[in-house]
Amino acid sequence: MTVLLVGSDAPEVGVLADGLAADVLPLPPEPSLPGPTWPWAEELEAWRTAAMAGPAVDAVVVAAWVTAPSGPVPLADVGLDEWVARGEAPLARWFAALGVAARRAADGGSVVAVVERPAPLDCADRAAETGVADAVLAMARSLARSEGGRGVRVNVVTTGARLVPATVVDPAPPLATFPGTVGTEVVGAVRMLLGPDAAGVTGTVVHADCGRS
């Protein structure tokens with residue numbers, strides 16, 4: 001099976017690529033100073049157009065993660081530029097990447113989006129990140145419906161590994177390995193969804209967070 005990973009330059013994305021033996025299609029770099037004018041939109045659209053023209057593959061994994069997530073900030077303290085940086089810009093890259101994934105997945109193939117999503121107990125002051133993740137879940141469900149007619153399955157794996165607060169709210173998650181790692185828990189969940197035993201699974205979400213969700 002040929003696996004294409006559409007991902008950012010976050011170090012953990014490289015771990016994901018290695019664990020899946022995937023070819024990497026890098027996303028454009030994050031805008032350094034995003035703002036309401038979206039000065040980087042043309043670059044993103046040019047990347048999307050070029051990436052969609054590539055050959056079809058058996059499986060596409062998408063990990064449009066920010067390079068280094070920012071710390072939690074109360075929503076009332078987030079200015080417009082920061083909201084764009086934490087919410088709108090990442091969501092735009094997910095939109096572009098998932099569109100490419102849908103176009104590049106061969107008939108009968110599979111798409112898995114691996115999105116960073118804090119569990120409900122850990123989402124305080126992470127409104128932007130939670131909103132982006134929930135939007136990715138919605139886009140994946142839509143793609144599962146629209147692409148299912150040609151046999152393409154679309155699923156989501158969530159991980160909060162990079163977003164877990166220093167002090168975790170009780171109760172503790174079921175597994176002592178919480179929050180898990182990209183190379184073990186996340187890679188394992190993606191492999192499961194890409195494998196033949198998941199042939200009837202689409203439009204669903206697997207929380208690879210050791211039971212925290």
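Predicted model: local features only at pLDDT ≥ 70, side-chain atom pairs only at ≥ 80, totals over all residues.
Residues are numbered from 1 along each chain as its sequence is written, and side-chain values use heavy atoms, with hydrogens and water left out.

Helices (H or I, at least four residues) and strands (E, at least two) are DSSP runs, numbered from the N terminus. Two strands pair if DSSP finds at least two bridges between them. On that basis the model has an open sheet of 6 strands, paired in parallel and ordered E2-E1-E3-E4-E5-E6. Strand E2 (23-26) and strand E6 (205-207) stand at the edges; each has a single partner strand, so one side of each is left without a neighbour in the sheet. On average, neighbouring strands are turned by 20° against each other, direction ignored. Strands of a sheet pair through backbone hydrogen bonds, either parallel or antiparallel.

Strand E3 pairs with E1 and with E4. E1 and E3 are parallel and share 5 bridges, with Leu-4 opposite Val-60 in E3. Another 5 bridges join E3 (residues 57-63) to E4 (residues 105-116), again in parallel. In this pairing Ala-59 stands opposite Ser-110 in E4, and the bridge partner of Val-62 is Ala-113. How far is E3 enclosed by the rest of the structure? Of its 7 residues, 6 are buried, so E3 is largely enclosed. Here buried means under 20% relative accessible area, exposed over 50%, and partly exposed in between (1.4 Å probe, protein chains only).

Two helices pack against each other. Helix H3 (residues 80-104) and helix H4 (residues 127-147) meet at an angle of about 15°, with their axes 9 Å apart. Axes are lines fitted to C-alpha atoms, for helices over the stretch in contact, and angles run from 0 to 180 degrees between N-to-C directions. The angle makes H3 roughly parallel to H4, a term used for angles under 35 degrees. Contact means heavy atoms within 4.5 Å. Residues of H3 in this contact include Trp-83, Leu-91, Trp-94 and Phe-95, and those of H4 include Val-132, Val-136, Met-139 and Leu-143. By class, the contact has 14 nonpolar, 1 polar and 3 charged residues. Ala, Val, Leu, Ile, Met, Phe, Trp, Tyr, Cys and Pro count as nonpolar, Asp, Glu, Lys and Arg as charged, and the others, Gly among them, as polar.

The remaining points concern the backbone. Most residues other than glycine have a negative phi, and most peptide bonds are trans. A cis peptide bond joins Asp-170 and Pro-171, with omega about 5°. The bond from Phe-178 to Pro-179 is also cis, with omega near 5°. Pro-171 is in the loop between E5 and H5, and Pro-179 is found in the loop between E5 and H5 as well.

Ala-21 has a positive phi, near 50°, and is placed in the loop between helix H1 (11-20) and E2. This residue is exposed, with a relative accessible area of 69%. Cys-210 also has a positive phi, near 60°, and is in the segment after E6. At 6% relative accessibility, Cys-210 counts as buried.

Notes: Parallel < 35°, antiparallel > 145°, perpendicular 65-115°, else oblique.
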